[in-house]
Amino acid sequence: MARDYKQEENGVVALRKERQEDDIDLDQDEEEDEEDQQNWEDWNEEDGDDENVYDTEMLCLFCDSLYTCSNLLFQHCASAHHFDFNAVKKILSLDFYGCFKLINYIRFQVSEKTCWGCRITCESKQELQHHLHEVASFENNKLPWDDDKYLTPFMEEDPLLYSFGDDEEGEDDGYMPEKILRDVGSSEKVSNDDNCAIEQFSSKIKSPLENGEWSSSPESDIKTANLLEKSTCNGFVGVGEGASSHQKVKDKQLIISSAEVAANEIKDINKNYFGSYSSFGIHREMISDKVRTDAYRRAILENPSLLKGAVVMDVGCGTGILSLFAAQAGASRVIAVEASKKMASVAAQVAKDNGLLSSESSGEAKHHCTGKIEVVQAMVEELENAKHIKPQSVDVLLSEWMGYCLLYESMLSSVLYARDKWLKPGGAILPDTATIFVAGFGRGGTSLPFWENVYGFNMSCIGKEVVEDAAQLPLVDTIDGCDIVTETQVLQSFDLMTMKHQEMDFTAKVELAPKFDALVDDPAELSSKMGKCHGLVLWFETGFTKRFCREMPTILSTSPNTPKTHWSQTILTFKEPITMGKGKQVGSDGSGAVGSDACPAARIQSRISIVRAAQHRSIDISMEISAIGPDGRRRRSWPVQMFKME
């Protein structure tokens, strides 16, 4: 009883103390309310009744136009700049924070003369105005503005940030922009515990990173990085100092759970990718490609000073054909790396059947396997823990990594990773250079001629529809050299010895002049004839240059002017053909639109971007086209075209 009474007495004392503290807090709140009321009155007297940021003029996101209403501003953006704010908000389900960051992101991009949708940088603000286009979607919801730095207003006192939701119904109860702006400051405070959670997860994912940076990793888990970034922006990490420890633990679990899902998706993509190379039909096609296989064979076998006694690593060995060439050329050790479990087993069996399998690979007694080829079943990025392969111990790095349009499938990043990890200083890469070329193609490069006469019947309506569809998707097909109607230009060159991972994403501008002998039948009519360019074709060459192949340098070309390869060419079709010509054209007065029959273009300017897509192992291609008139001053441009290779 005494203990119960004491507890009750202590409870009464505590209750009295709590009431006293509440009374003190109440007094303080009343004093603060009086001060706030006084400040509010002073502010009203100083600035007027309702003349605040909501009534000031708002600057357009893309030009210098001013509006007093956000609705009018966004209507202008939709009609003049191909940006429908309300549609973007609805399609992407953006909340207030998302809209807030989107506006700041666009203002920042415009200040850099960069398109908010495709992130292509223009040379002038005027060029950007012409370039702006609608954005159909963002791959896997990868929103480029989904970054906390865009919570900081780009423009001081930007009234649009306070009013873009004014006319909407269903606002969150009393949750006004002012409160969100106050919250922005605290959103930058990230718990150290949460940072540790991210770091611990990142360390579990094997990727070819340098310095542990996600952003520069071509082979890193792109979707995982996106989810981590998205989680940070949605408050999973930046929960603020006031969050409970229970909430923080819950947030960490959400981060790890999301990241694990993304990692599993990447694992599935890699599994399907390497699984597709388990088909012997694919390997037969590649080995039967004489242009490809003979180029590698010459480079390996006919350069003895490079291969004799060398330690060679073959990245993505497949059947092991290149490893067999290397062993035949006198290499002292060949490390054949293959991610596909089935093909690694096949490569080991092939090497064994030819007496070239090393005991290091098979695990059998040395007297059974005395060869030079060691087959390792793993992605090259997963060899970090391989004790039998020491860093910087490889003399020659060998790989057939090229995909369609050179960069499709992103195998190049694995080669660069192997270069940085295992190639000796002064070591060699085969091939050591790669170049992408571009040219314009004519009507013969389309399917139009085929459909115009099908056993004597006109089916041109089908051909037109096929060409229209081709303007949406890149085609991998062969183009005959006689159908090239412009001069050829180098789009981009790579030096595999020095290039960085991020250089796989690039933008390049080229100018294409007509190849007049392809436009006319009679050379005597060069000054009066014209022809049409229906699109651009891309192809590549890889070089086994004299830098390493001193005895026999070799070039592997996929050009339309050389024998066909299994890579074919990559075809980007215009939405409408561009007429090209030279001199005064018969029946034209030069007053029509540039690129039409009335005013043929003297040159075509093209701006092409190739970047790794959000979807693992895919690439995105954008193409901007301008036709330059005969006087060099008049020009006509077309909206940007976006192509996906996936």
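Start by selecting Ala 299, which is buried at a relative accessible area of 0% (buried means under 20%, exposed over 50%, partly exposed in between, with a 1.4 Å probe and protein chains only). This is a predicted model, in which local features need pLDDT of at least 70 and side-chain atom pairs count only at pLDDT 80 or more, while totals for chains, interfaces and linings use all residues. Residues are numbered from 1 along each chain as its sequence is written, and side-chain values use heavy atoms, without hydrogens and water.

Ala 299 belongs to helix α12, residues 290-301 (helices are DSSP runs of H or I with at least four residues, strands runs of E with at least two, numbered from the N terminus). Beyond its neighbours within four places in sequence, Ala 299 contacts Phe 544, Cys 549 and Thr 554 (contact: heavy atoms within 4.5 Å).

Next, select Phe 325: its C-alpha is 9.7 Å from that of Ala 299, at a separation of 26 residues in sequence.

Move on to the sheet. Its 5 strands form an open sheet in the order β5-β4-β3-β6-β7, with parallel pairing (two strands pair if DSSP finds at least two bridges between them). β5 (373-377) and β7 (423-430) are the edge strands, each pairing on one side only.

Now select β3 (residues 311-315) and β6 (residues 394-398), which run parallel and are joined by 3 bridges. Asp 314 has Leu 398 in β6 as its bridge partner.

Finish with helix α14 (residues 321-328), which lies across β3, β4 (333-338), β5 and β6, at about 175 degrees to β4 (axes are lines fitted to C-alpha atoms, for helices over the stretch in contact, with angles from 0 to 180 degrees between N-to-C directions).
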